[in-house]
Amino acid sequence: MNGPGRESSRLRAEVRAALAGDGLEQVVRDLLELRFPAAGPGASLDEAATALGMSPALVAHIEFSALCG
């Protein structure tokens with residue numbers, strides 16, 4: 001998601017805009033907040049999975065779906 005072709009500040013801005021809306025379920029909001037906080041480093045897939053009680057694969061799937069939507 002945050003590869004060389006994409007500026008991290010732009011991605012953070014897009015995530016913040018998505019969080020400001022009301023179209024996301026709470027688990028998606030929680031995941032995006034962990035992975036792309038407004039400031040500072042974000043949680044890894046493993047850290048986010050542990051915090052949310054999910055597998056890293058599920059976290060990655062939800063994150064990808066949320067960012068594509």
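Modeller: Leaving aside residues up to four places away in sequence, Arg35 touches Gly42, Ala43, Ser44, Leu45, Ala48 and Glu63, where a contact requires heavy atoms within 4.5 Å. The model is predicted, so local features need pLDDT of at least 70 and side-chain atom pairs count only at pLDDT 80 or more, whereas totals for chains, interfaces and linings use all residues. Residues are numbered from 1 along each chain as its sequence is written, and side-chain values use heavy atoms, with hydrogens and water left out.

Arg35 belongs to helix α2; helices (H or I, at least four residues) and strands (E, at least two) are DSSP runs, numbered from the N terminus. With a relative accessibility of 18%, Arg35 counts as buried; the term means under 20% relative accessible area, while exposed means over 50% and partly exposed lies in between, with a 1.4 Å probe and protein chains only.

Arg35 also takes part in the packing of α2 on α3. Helix α2 (residues 26–35) and helix α3 (residues 45–52) have axes 10 Å apart and pack at an angle of about 140 degrees; the axes are lines fitted to C-alpha atoms, for helices over the stretch in contact, and angles run from 0 to 180 degrees between N-to-C directions. That angle makes α2 oblique to α3, given that under 35 degrees counts as roughly parallel, over 145 as roughly antiparallel, 65 to 115 as roughly perpendicular and the rest as oblique. The crossing of α2 and α3 is right-handed, which applies if the near helix is turned clockwise from the far one by less than a right angle, left-handed being the anticlockwise case. From α2, Asp30, Leu31, Leu34 and Arg35 meet Leu45, Ala48, Ala51 and Leu52 of α3. By class, the contact of α2 with α3 holds six nonpolar, no polar and two charged residues; nonpolar covers Ala, Val, Leu, Ile, Met, Phe, Trp, Tyr, Cys and Pro, charged covers Asp, Glu, Lys and Arg, and the others, Gly among them, are polar.

The axes of α2 and α4 come within 10 Å and cross at roughly 95 degrees, which makes α2 roughly perpendicular to α4. Val28, Leu31, Leu32 and Arg35 of α2 make this contact with Val59, Ile62, Glu63, Ala66 and Leu67 of α4. Its residues divide into seven nonpolar, no polar and two charged.

As for helix α1 (residues 8–20), Ala18 lies within it. Ala18 is partly exposed, at 32% relative accessible area.

Overall, the chain has four helices and zero strands. Of its 69 residues, 25% are buried. Among contacts with a separation of 6 or more, 37% join residues 24 or more positions apart. The chain exposes about 4,300 Å², of which carbon and sulfur atoms supply 56%, by the Shrake-Rupley method with a 1.4 Å probe; for residues, only the protein chains shown count as cover.
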